[in-house]
Amino acid sequence: MDFLIPSLRHFLILGTILFSLGMYGVLSRRNAIGILLSIELMLNGVNVLMVAFARYINVGQVGPELAGQVFALFIITQAAAEAAIGLAIVIAIYRQRRTVQVDQLDLMKG
Amino acid sequence: MTGLGTTDPFTTFAGSVAFWVAAVTSIVAAYMMVFTIRNLVRAALALTSVLAAVAVLYALLGADFLAVAQLVVYVGAIMVLIMFAIFLTPGQVDVPGLVGAAQHAGALIVSAAVLIVSVIVILTTNWNIRPEPLNLSSTADALGGLLLTRYVVPFEIASLLLTVALIGALVIARED
């Protein structure tokens, strides 16, 4: 029953599963807000990897051992900015076109 | 005082159970959000469950500050923002959310390929694991110190990014 005790690989596989599910959502959703939701899922998958690395990986010196957590913090910051801008764009598009379906937004299609 | 990072929670039975509960919750909620739920409001609620479970995982990994930041920023702020956007675009909630069968299959192939390759890499790599877990009673002061010394330039750029995002969101979304 050793595999039931969480280790680095458990967290890495969990983060990868979340990332893949988010990637499937990005590629298969038609609603722009649904795509933004899936992007948040992908960012969280990566964050799990970062924090797991910060805890488990031996970096050999004292300074950078929290680097993974700092990176996760920056990803959370960037996700907040991305959500604000992305949803503002979605609302602006909805106001103009009355739809947020990405396959109907083909204004720039040649 | 012992903080979250001073003892290894996974040497105890309760710690392992907490990991498996959070992991299964996050994966099931993410699977439902992506595959079975069409309604956007329910998808957003499923994503909220994923984010809360990930916050539990951060706490188990000894990242107490990140767990709180995850709850405050993601569950508190970003999900409310997304809910507002869903309600500000009426008539778009219940439309068929998924694309046609061909793109469906393509998306499945691409994401399954990413998953399989990554899992193979994870399982075959010989990770350099530190002998003892991170020994900090709290990560908040260490993170604050790092942000103002080693990572001060990214920190300033992040604050600039947030300012630009704030002004940009106002400019893009305003009525004219």
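I take helices (H or I, at least four residues) and strands (E, at least two) as DSSP runs, numbered from the N terminus. With that settled, I placed A:F71 in helix α3 of chain A.

**Ground rules.** The model is predicted, so I kept local features to pLDDT of at least 70 and side-chain atom pairs to pLDDT 80 or more, while totals for chains, interfaces and linings use all residues. Residues are numbered from 1 along each chain as its sequence is written, and chains are lettered from A and ligands numbered from 1 in the order in which they are written.

**Entry: A:F71.** I checked its surroundings. A residue is buried if 20 or more other C-beta atoms lie within 10 Å of its own, exposed if 12 or fewer, and partly exposed in between; C-beta atoms are placed from the backbone. A:F71 has 19 other C-beta atoms within 10 Å, so it is partly exposed. I also looked at A:F71 against A:L12. The two are 59 residues apart in sequence, and their C-alpha atoms are 16 Å apart in space.

**Entry: chain A overall.** I found three helices and zero strands in chain A. Their order from the N terminus is α-α-α. The C-alpha atoms occupy a box of roughly 55 × 35 × 25 Å along the principal axes. Next I compared the radius of gyration, taken over C-alpha atoms, with the globule rule of 2.2 Å times the number of residues to the power 0.38. Chain A has 18 Å, whereas a compact globule of 110 residues would have a value near 13 Å. In chain A, 51% of the 110 residues count as buried.

I then turned to contacts: two residues are in contact if their C-beta atoms, placed from the backbone, lie within 7 Å. Among contacts in chain A with a separation of 6 or more, 51% join residues 24 or more positions apart.

**Entry: α2 against α3 in chain A.** How do these two helices pack, and at what angle? Axes are lines fitted to C-alpha atoms, for helices over the stretch in contact, and angles run from 0 to 180 degrees between N-to-C directions. Helix α2 (residues 32-56) of chain A and helix α3 (residues 67-97) of chain A meet at an angle of about 175°, with axes 8 Å apart. That makes α2(A) roughly antiparallel to α3(A). The cut-offs are under 35 degrees for roughly parallel, over 145 for roughly antiparallel, 65 to 115 for roughly perpendicular, and oblique for the rest.

I listed the contact residues. On α2(A) they include A:L36, A:L43, A:M50 and A:A54. On α3(A) they include A:F71, A:I75, A:A83 and A:V90. For classes, Ala, Val, Leu, Ile, Met, Phe, Trp, Tyr, Cys and Pro count as nonpolar, Asp, Glu, Lys and Arg as charged, and the others, Gly among them, as polar. The contact of α2(A) with α3(A) has 17 nonpolar, four polar and one charged residues.

**Entry: A:L66.** This residue sits in the loop between α2 and α3 of chain A. Is A:L66 buried or exposed? A:L66 is buried, with 26 other C-beta atoms within 10 Å. Beyond four places in sequence, A:L66 touches A:A54, B:T139, B:A142, B:L143 and B:L146. A:M50 is 16 residues from A:L66 along the chain, and their C-alpha atoms are separated by 9.7 Å.

**Entry: A:L27.** I located A:L27 in helix α1 (residues 8-28) of chain A. A:L27 counts as partly exposed, with 18 C-beta neighbours inside 10 Å. Leaving aside neighbours within four places in sequence, A:L27 contacts B:Q103, B:A107, B:V110 and B:S111.

**Entry: A:R98.** Most residues other than glycine have a negative phi. A:R98 is not a glycine, yet has a positive phi of about 60°. A:R98 lies in the segment after α3 of chain A. With 12 C-beta neighbours inside 10 Å, A:R98 counts as exposed.

Entry: Chain B has six helices and zero strands. Of its 176 residues, 27% are buried. In chain B, residues 24 or more positions apart account for 67% of the contacts with a separation of 6 or more. An automatic or database domain assignment gives the bounds: domain 1 (9-94) and domain 2 (139-176).

Last, I looked at the interface. There, 73 residues of chain B are in contact with 63 residues of chain A. Helices of chain B that each supply at least two residues to this side include α1 (13-36), α4 (101-124) and α6 (152-173). By class, the side of chain B that touches chain A has 57 nonpolar, 14 polar and two charged residues.
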